[in-house]
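Me: I am new to reading protein models. Could you walk me through this one, feature by feature?

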Amino acid sequence: MKAVVITSPGDPGVLELQEVEEPEFKDDEVLIKIEAAALNRGDIYQRQGFYPPPEGASTYPGLECSGIIESVGENVSRWKAGDKVCALLSGGGYAEKVAVPATQVMPIPSGVSLSDASSLPEVACTVWSTVFMMSRLCPGETLLIHGGSSGIGTFAIQIAKFKGAKVFVTAGDEKKLAFCKDLGADVCINYKTEDFVERVKEESGGKGADVILDCVGAAYLQRNLDSLNVHGRLLMIGTMTGFVTELNFGVMFAKRLSIQAAALRTRSVEEKAAIVNEVEKNVWPAIKSGKVKPVIYQQFPLGEAAEAHRLMESGNHIGKILLLPQSLQLKFSAIVF
């Protein structure tokens, strides 16, 4: 089969489409012929040499995919060959086939195309496990999402609104903010021209946000704490500006705040299975109802993974970028909204 190989840590040019051995699958796994795989920030970190796959996982990048089950292991009872599915991966999505534990596989929600479904597992599992399972966002509370136009952000806006929360977002230009508004965001803040701390306080009557979903990291840590309501929860899922910064604990004591951090890829198979089960139970109904939809920005053939990475790193996209292993020549563009 063909797969995208990271030939050495570096820029997008190190991604190379090669002929490789097909993956072997275990008794509790399924083998999926991939229809599409979605890009995630973790793929870029892996390419750069900062985010190695867990022990035993595929060395090819790709944390989520959709496709058709080709074979199932002896211990698998729920799935059969021919089933159309999407899956949360520890790696291996940038390929024509991937082996994955059966407990990390989900059916395609009705109303979603097979290729578009590849954009759902990582964002759905990340957002549900952090915002709802860890931070326990409740109806009527306020969620602040940094990077509202990202794949995570566009999904978080929709599911938080579906669950009855008020949603604030930050983004870097008016086009992205307008898109977030159309998705349902209540307050849209341009972080380049506005102080998001002041705007959050103003829009919340001086209280602040109850939960913040942050991918920025060090540069925003103190400002995030200043933006939180009493008993607020800061959930960190990325560190785009670094890992190290100074912190004034005074605001944490004064408002009894919590800082949490989460990484999905490094969790155990059992933990991922529990999250996938919760997502299928709580998130899939929202997708089936049409209240939450995939946001697809552009699709590339598998051989143009480097170009797809360059687009993601440019920050010029809204929502998700897909790779299509079964379309090695043609390139497509689409926005679903």
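**Reading the fold, from outline to core**

Reply: Happy to! Keep in mind that this is a predicted model.

Me: What secondary structure does the protein have?

Reply: Count the helices and strands: there are ten helices and 16 strands.

Me: How do I judge the overall build from the radius of gyration?

Reply: Set the value beside what a compact globule of that length would have. For 337 residues that is near 20 Å, and the protein has 20 Å, so the two agree. The C-alpha trace spans about 55 × 40 × 35 Å along its principal axes.

Me: And what share of the contacts joins residues at least 24 apart in sequence?

Reply: Take the contacts between residues at least 6 apart: 69% of them join residues at least 24 apart.

Me: Which residues have the most contacts inside the largest nonpolar core?

Reply: Look for buried nonpolar residues joined through their side chains. The largest such core has 49 residues, and F155, I159, V279, V283 and W284 have the most contacts inside it. Helix α2, residues 121-134, gives the most to this core, with seven residues. A second, separate core has 19 residues, among them L144, V187, Y220 and V251.

Technical notes:
Residues are numbered from 1 along each chain as its sequence is written. This is a predicted model: local features need pLDDT of at least 70, side-chain atom pairs count only at pLDDT 80 or more; totals for chains, interfaces and linings use all residues. Side-chain values use heavy atoms; hydrogens and water are left out. Helices (H or I, at least four residues) and strands (E, at least two) are DSSP runs, numbered from the N terminus. The radius of gyration is taken over C-alpha atoms; the globule rule is 2.2 Å times the number of residues to the power 0.38. Contact means heavy atoms within 4.5 Å. A nonpolar core is a set of buried Ala, Val, Leu, Ile, Met, Phe, Trp, Tyr and Cys residues joined through side-chain atoms within 4.5 Å. Buried means under 20% relative accessible area, exposed over 50%, partly exposed in between (1.4 Å probe, protein chains only).
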